[in-house]
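Q: Could you take me through the aromatic rings of this model, step by step?

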Amino acid sequence: MDIYVYYRVPEANTLMLRPRLQSLQQSLAEEYTIQHSLKRRPEPSEGCQTWMEVYHQVPEDFAAALHKAVDDHGLMALIRGERHVEVFVDVDTCA
């Protein structure tokens with residue numbers, strides 16, 4: 001399964017958030033041997049950028065580890081609103 005997480009980041013917080021998020025993704029990638037990426041929408045809206053974290057082929061217990069890592073890295077203090085988590089599976093694996 002793949003996990004997609006999107007949220008809004010006030011433009012003033014992007015320089016503080018990026019290194020924390022890169023550290024989080026790197027540590028999870030090493031622990032779980034997964035691929036990840038970080039994306040954002042090209043244009044800001046209402047003073048915020050929309051960012052998306054992508055985690056590919058993650059194990060079942062990954063979502064809990066991700067939630068803990070977000071807390072450990074203090075990400076919520078730098079975003080506006082919630083982190084929206086979506087889980088997708090390959091079409092081949094769907095019944």
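Q: How many aromatic pairs does the structure hold?
A: This is a predicted model. The structure holds 3 aromatic pairs.

Q: Why is the pair of Y4 and F88 called edge-to-face?
A: Start with the centres: they are 5.5 Å apart. Rings pair if their centres lie within 6.5 Å, so Y4 and F88 count as a pair. Next, the planes stand at 85°. Over 60 degrees is edge-to-face, so that is the name for this pair.

Q: Which parts does the pair of Y4 and F88 tie together?
A: Y4 lies in strand β1 and F88 in strand β4. The pair therefore ties together parts that are 84 residues apart in sequence.

Q: Why does Y4 count as partly exposed?
A: Its relative accessibility is 24%. Buried means under 20%, and exposed means over 50%. Y4 is in between, so it counts as partly exposed. F88, at 47%, also counts as partly exposed.

Q: What makes Y32 and F62 an edge-to-face pair?
A: Their centres are 5.3 Å apart, and the angle between the planes is 85°. The cut-offs are within 6.5 Å for a pair and over 60 degrees for edge-to-face.

Q: Are Y32 and F62 buried or exposed?
A: Y32 is buried, and F62 is buried too. Together with Y55, they form one aromatic cluster.

Notes:
Residues are numbered from 1 along each chain as its sequence is written. This is a predicted model: local features need pLDDT of at least 70, side-chain atom pairs count only at pLDDT 80 or more; totals for chains, interfaces and linings use all residues. Side-chain values use heavy atoms; hydrogens and water are left out. Rings of Phe, Tyr and Trp (its six-membered ring) pair if their centres lie within 6.5 Å; planes under 30 degrees apart count as stacked, over 60 as edge-to-face and the rest as tilted. Helices (H or I, at least four residues) and strands (E, at least two) are DSSP runs, numbered from the N terminus. Buried means under 20% relative accessible area, exposed over 50%, partly exposed in between (1.4 Å probe, protein chains only).
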